[in-house]
Amino acid sequence: MPWASARKLANKVIVMGKDDVGMCCSSDCGKFAVVAALLLAVGIMGGGYLLAQGDYASKLNVTGGPSYPNVYVSSTPAEHAISVSATASQKVAPDLLNIQVRVQTESANAKESQEDNADVSAVLKSKLKALGLEDTSIQTVSYSVDPIYDSTYSCDKSGYNCHYDSRLTGYRTSHTLNVELTDLDKGGDVVDAAASAGTNQTFVDYVQFTLKDATRRAVEKSLLKTASEEAKSKAEGIAQGLGVSVGKVLSASQSNSYYPVYYRAMSYDMAEGAAAPKTSLSPGQVDVSATVSTSFEVGG
């Protein structure tokens, strides 16, 4: 029974016991009022007890779905925790080479520019296939046809009202290819083939020594294990100094990084009339690292 209704009923019984004595036998009415008041008091106390025993805490619904229950677990470490991080790194010999080659042609109109580009690109691909490369190793990265403007900045005699005067002079077609090699010894041959495919029309944008995906994953997995062991060792050292013990793992996170090697241009001393020397590329080594950050519960 609501508290407001119970209080109202109690007041009504008390008033009836006082004011309505003349309407009935005084002894009977008095007994009735006493009994009613006692029953009311017992009811109020019983209702209060039941309310106190009720569980009115908010419920957490975990039946929102078979795969995504409505549950949130905080990733914040406990107050009494030891948090550490450790990094493991390794230099790895690259096993993959990417060479980006750009074919760029210019002409008075767009069609001629595209046709010239197609001719030079065909010569380039023919030279690359002669080195044993498959079509799957030669992929287009980008292709564009853009107008070329000759712009001049001019002002009137007073030096004001300045503006640009632009005149269309032709069109430029750019076709960028990525050449992927697993035989790193052929890298210099690819660069030479690109240089000879067209006169001032082919350019090597960059040469990148890197790792195959499978190789990189294997190295990172090994480094994560090493970094995890180092993190735990650090936590145990801290705990020993504090006179406590290391408990269970409360949280852990990781990050990886690796830095491919980019080719640096080499210069040659050439005698007059001598043939251009073959390009030689030095792969160097790829730096791979893995970092583990973790928190451990503090024991006694």
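Predicted model: local features only at pLDDT ≥ 70, side-chain atom pairs only at ≥ 80, totals over all residues.
**Entry 1: α3 against α4**

V120, V123, L124, K127 and L128 of α3 meet V190, A193, A194, S196 and A197 of α4. I took contact as heavy atoms within 4.5 Å. By class, I found eight nonpolar, one polar and one charged residues in the contact of α3 with α4. The classes: Ala, Val, Leu, Ile, Met, Phe, Trp, Tyr, Cys and Pro are nonpolar, Asp, Glu, Lys and Arg are charged, and the others, Gly among them, are polar.

Next I checked the geometry. The axes of α3 and α4 come within 9 Å and cross at roughly 155°. Axes are lines fitted to C-alpha atoms, for helices over the stretch in contact, and angles run from 0 to 180 degrees between N-to-C directions. The two helices, α3 and α4, are therefore roughly antiparallel. That label needs an angle over 145 degrees; under 35 is roughly parallel, 65 to 115 roughly perpendicular, and the rest oblique. The crossing of α3 past α4 is right-handed, meaning that the near helix is turned clockwise from the far one by less than a right angle.

**Entry 2: the buried side of α4**

Which residues of α4 are buried? In helix α4 (187-197) I listed G187, G188, V190, V191, A193, A194 and A197. Buried means under 20% relative accessible area, exposed over 50%, and partly exposed in between (1.4 Å probe, protein chains only). The buried residues of α4 pack against β2 (96-107), α3 (110-130), β4 (163-181) and β5 (202-210).

**Entry 3: T202**

I then moved to T202, in strand β5. T202 is buried, at 10% relative accessible area. Where does the side chain of T202 reach at 2.4 Å? I found the backbone oxygen of A194 there. The backbone oxygen of G198 lies 3.4 Å from a polar atom of the T202 side chain. A polar contact is a pair of N or O atoms within 3.5 Å; within protein, one must be able to donate a hydrogen and the other to accept it, and residues adjacent in sequence count only if both atoms are side-chain atoms. Leaving out residues up to four places away in sequence, T202 touches R102, V103, V120, A194, A195 and A197.

**Entry 4: loops**

I looked for positive phi outside glycine. N161 has a phi of about 55°. N161 sits in the loop between β3 (138-154) and β4. With a relative accessible area of 62%, N161 is exposed. N200 also has a positive phi, near 55°. N200 lies in the loop between α4 and β5, and N200 is exposed at 68%. Most residues other than glycine have a negative phi.

S137 is in the loop between α3 and β3. Is S137 buried or exposed? At 18% relative accessibility, S137 counts as buried. Beyond four places in sequence, S137 contacts N178, V179 and E180.

**Entry 5: whole chain**

I counted five helices and eight strands. Helices (H or I, at least four residues) and strands (E, at least two) are DSSP runs, numbered from the N terminus. Of the 300 residues, 26% count as buried. Among contacts between residues at least 6 apart in sequence, 80% join residues at least 24 apart.

Methods: Residues numbered from 1 in each chain as written. Heavy atoms only, no water.
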